[in-house]
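Visitor: I would like to go through this model with you. I will ask how you know each thing.

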Amino acid sequence: QYASNIAEVASEAAGSGTARTLDLLSTLGVREQMGSGTGRAALVAKANVNTTAAANTDAGEDDLITYAMPANSLNAAGKGVEIIAWGTFANNANAKTLKLYFGSAAILTNSLTINVAGVWRIQAVVFSTGTDAQDYSSVLTTLGAAAVALLDVENGSLTQVDGAAITIKCTGEGVATNDIVQEGQLVKYIG
C-alpha cells in the first residue's frame with residue numbers, strides 16, 4: 001500500500017505543474033524542498049533533531065546544540081520554523097543564563113533559578129514576514145525539584161539574512177561545567 005501511495009503522489013505532483021520539488025524515498029517518505037534552498041524537510045515538518053546532550057564548560061557563554069538551517073529556507077513571507085529545546089540545570093548557587101539564538105539574535109534570554117536542580121523547555125516559532133525580515137515568539141518553562149516554576153515569554157522582530165544559512169542554537173553560561181545541559185533540540189519546518 002505504501003508503494004502505491006508514493007506512486008500516486010508522484011503522479012499527482014508530476015501532473016500538477018507546481019514548482020514543488022518532492023523526493024520520493026521509500027526509506028524517508030515524501031520530503032519537500034525548503035523554500036528555494038538546498039534543504040529538504042519531511043512533510044510532517046521535521047527539519048532537524050539532535051538528542052546528543054551538550055553542556056556549558058566552566059565560565060563564559062558556550063554553544064550547546066546547534067543547527068545550521070540552509071540558505072533560502074525562509075524565502076517567502078509565511079514560511080517559518082518551530083524550535084523545541086530542552087535540558088537541565090544544576091543545583092548550586094552559580095548564576096546560570098540560558099539563551100536561544102536565531103541567527104545572530106538572541107530570541108530568548110533567561111537567568112535560571114539558583115540553588116535548585118531543574119529542567120527547562122523552550123518552544124519558539126519564527127516566521128518570515130518578507131525578505132530578510134522575521135517575527136518570533138519564544139516561551140521558556142522551567143521546573144525545579146521544589147516545584148519552582150518559571151515562565152518567560154519573549155516576542156519581537158528580526159532582520160536575519162534569509163539568503164544565507166541561519167544558525168539556530170541554545171547557549172549556556174554558567175560558572176562550573178554542567179551548570180546548564182541541553183538534552184535535545186527539534187526544529188520543524190513550516191512551509
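Visitor: How much of the accessible surface of the protein belongs to carbon and sulfur atoms?

Guide: This is a predicted model. Its accessible surface comes to about 9000 Å². Carbon and sulfur atoms hold 53% of that.

Visitor: What share of the residues counts as buried?

Guide: The protein has 191 residues, and 42% of them count as buried. Buried here means under 20% relative accessible area.

Visitor: Why is N72 called partly exposed?

Guide: The relative accessible area of N72 is 26%. Buried requires under 20%, and exposed requires over 50%. The value for N72 falls in between, so N72 is partly exposed.

Visitor: Where does N72 lie, and what is its phi?

Guide: N72 sits in the loop between strand 6 (60-69) and strand 7 (80-89). Its phi is near 70 degrees, a positive value in a residue other than glycine. Most residues other than glycine have a negative phi.

Visitor: Which loop holds N115, and what is its phi?

Guide: N115 is in the loop between strand 9 (105-111) and strand 10 (118-130). Phi of N115 is near 60 degrees, also positive in a residue other than glycine.

Visitor: How do you know that strand 8 and strand 9 pair?

Guide: Pairing takes at least two bridges. Strand 8 (residues 97-102) and strand 9 are joined by 6 bridges, so they pair. They run antiparallel. F102 stands opposite A105 in strand 9.

Visitor: What makes strand 6 and strand 9 edge strands?

Guide: The open sheet has 4 strands in the order 6-13-8-9, with antiparallel pairing. Strand 6 and strand 9 each pair on one side only.

Note on methods
Residues are numbered from 1 along each chain as its sequence is written. This is a predicted model: local features need pLDDT of at least 70, side-chain atom pairs count only at pLDDT 80 or more; totals for chains, interfaces and linings use all residues. Side-chain values use heavy atoms; hydrogens and water are left out. Buried means under 20% relative accessible area, exposed over 50%, partly exposed in between (1.4 Å probe, protein chains only). Accessible areas come from the Shrake-Rupley method with a 1.4 Å probe; for residues, only the protein chains shown count as cover. Helices (H or I, at least four residues) and strands (E, at least two) are DSSP runs, numbered from the N terminus.
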